[in-house]
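Here are some notes for a first look. Please read them with the model open.

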Amino acid sequence: MEGMTKQTEYWERNKESIAEKRNAKYANRSDEEKKKQAKSQKVYYKKWIQVNRDKWNQYNREYRANLRVQVLNKYSNGTMCCTCCSEGNIEFLCIDHINNDGAAHRKTFTGTIYAWLKANSYPEGFQVLCHNCNMSKEFYGYCPHMLQKT
């Protein structure tokens, strides 16, 4: 434990008992105390976001981009390409409702489809298409690539 402060040494020796005490303290809080802390945290984070707007925006951009890649990877079985035409450019890919019920589905939740899919353990009924195939399926009811394959 060379180079550690006395406080760090104490923490290392006693971290399990410290954690147990802290957890017991928070578990026994009243509902009023929990609400008060939640309100305090909300105020703190709101101020922090105002002060650190650029950092917050950058974090959110990265989080959403990573989430999108996770979902596309999951629904493409790791291939990261369009189910119909094999387009592999990630900027062109999107999630498609296989049963064409996207409009009704989007009314049932808030946020992005990617967050909803992950939060709901990647349910069936979705596929990865490129935007061209997705729009063709929407406008014409089919994709020209499917006609070429048959």
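1. Two terms come first. Contact means heavy atoms within 4.5 Å. Helices (H or I, at least four residues) and strands (E, at least two) are DSSP runs, numbered from the N terminus.

2. This is a predicted model: local features need pLDDT of at least 70, side-chain atom pairs count only at pLDDT 80 or more, and totals for chains, interfaces and linings use all residues. Residues are numbered from 1 along each chain as its sequence is written, and side-chain values use heavy atoms, with hydrogens and water left out.

3. Start with helix H6 (residues 131-140). Cys133, Asn134, Ser136 and Lys137 are buried there (under 20% relative accessible area; exposed is over 50%, partly exposed in between; 1.4 Å probe, protein chains only). Seen down the axis of H6, these buried residues fall within an arc of 165°, so they line one face of the helix. The arc is that of the directions from the helix axis to the C-beta atoms.

4. What covers the buried residues of H6? The cover includes strand E1 (93-97), E2 and helix H7 (144-149). On the other side of H6, Asn132, Glu138 and Phe139 are exposed. Gly141 follows H6, with a positive phi near 85°.

5. Now the rings. The structure holds 10 aromatic pairs (rings of Phe, Tyr and Trp, its six-membered ring, with centres within 6.5 Å; planes under 30 degrees apart are stacked, over 60 edge-to-face, the rest tilted). Tyr75 and Phe126 make an edge-to-face pair, 5.9 Å centre to centre and 65° between the planes. Tyr75 lies in helix H3 (residues 53-75) and Phe126 in strand E2 (residues 126-130), so the pair ties together parts 51 residues apart in sequence. Both Tyr75 and Phe126 are buried.
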